Amino acid sequence: MKYSLILSDVQEDSLWGRVNIPIDVTKCWVWTGGFVSNYGALVWRGVQLYVHRLVYTIFNGPVPPKLMVLHKCGNKECVNPIHLYAGNHSQNAHDYYTLKG
């Protein structure tokens, strides 16, 4: 199912109103809304979405097939678009052990 990523003002407020964006915008932008499986999540157009995937898509376009959205910072609560990148399972495992190890 595809979604238009043109967000209404209410949707924008709902998304960004739940993100703590620090003065130094290069740091993690922390999601303060709900969580599912330790990732920020919200219901958008009747579908539950992971917020980091939504933010990635808003800034970069669709997540390429067979890839997932990974966190350069290792913080699952982070939705800073400069911390997010598309990668594969091997990269995700590497990041997990490198960033959390």
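How many bridges join strand β3 to strand β4? The views below come from a predicted model, and the first of them takes up this question.

**View 1. Strands β3 and β4 form a hairpin.** Strand β3 covers residues 35-36 and strand β4 covers residues 39-44. The two strands run antiparallel, and 2 bridges join them. Val 36 stands opposite Tyr 39, a residue of β4. Between the strands of this hairpin there are 2 residues. Ser 37 has a positive phi near 55 degrees.

**View 2. Strands β4 and β5 form a hairpin.** Strand β5 comprises residues 47-50 and runs antiparallel to β4. The bridges that join β4 to β5 number 4. Trp 44 has Val 47, in β5, as its bridge partner. This hairpin has 2 residues between its strands. In the turn, Arg 45 has a positive phi of about 55 degrees.

**View 3. Trp 16 and Trp 29 form an aromatic pair.** The count of aromatic pairs comes to 4. For Trp 16 and Trp 29, the ring centres are 6.0 Å apart and the planes stand at 80 degrees, so the pair is edge-to-face; the cut-off for that class is over 60 degrees. The pair links distant parts of the chain, with 13 residues from one partner to the other. Trp 16 belongs to helix α1 (residues 9-16), while Trp 29 sits in the loop between β1 (19-20) and β2 (30-31). Trp 29 has a relative accessible area of 13% and is buried, because buried means under 20%. Trp 16, at 22% relative accessibility, counts as partly exposed.

**View 4. Trp 16 and Phe 59 form an aromatic pair.** The centres of these two rings lie 6.3 Å apart. Their planes are at 80 degrees, so this pair is edge-to-face. Here too distant parts of the chain are linked: Trp 16 is in helix α1 and Phe 59 is in helix α2 (residues 51-60), 43 residues apart. Phe 59 is partly exposed, and its relative accessible area is 46%.

**View 5. Trp 16, Trp 29 and Phe 59 make up a cluster.** Ring pairs link the three residues. Trp 16 pairs with Trp 29 and with Phe 59.

Methods. Residues numbered from 1 in each chain as written. Predicted model: local features only at pLDDT ≥ 70, side-chain atom pairs only at ≥ 80, totals over all residues. Heavy atoms only, no water. Phe/Tyr/Trp six-rings, centres within 6.5 Å; stacked < 30°, edge-to-face > 60°. Buried < 20%, exposed > 50% of the residue type's maximum accessible area, 1.4 Å probe, protein only. Pairing = 2+ DSSP bridges.
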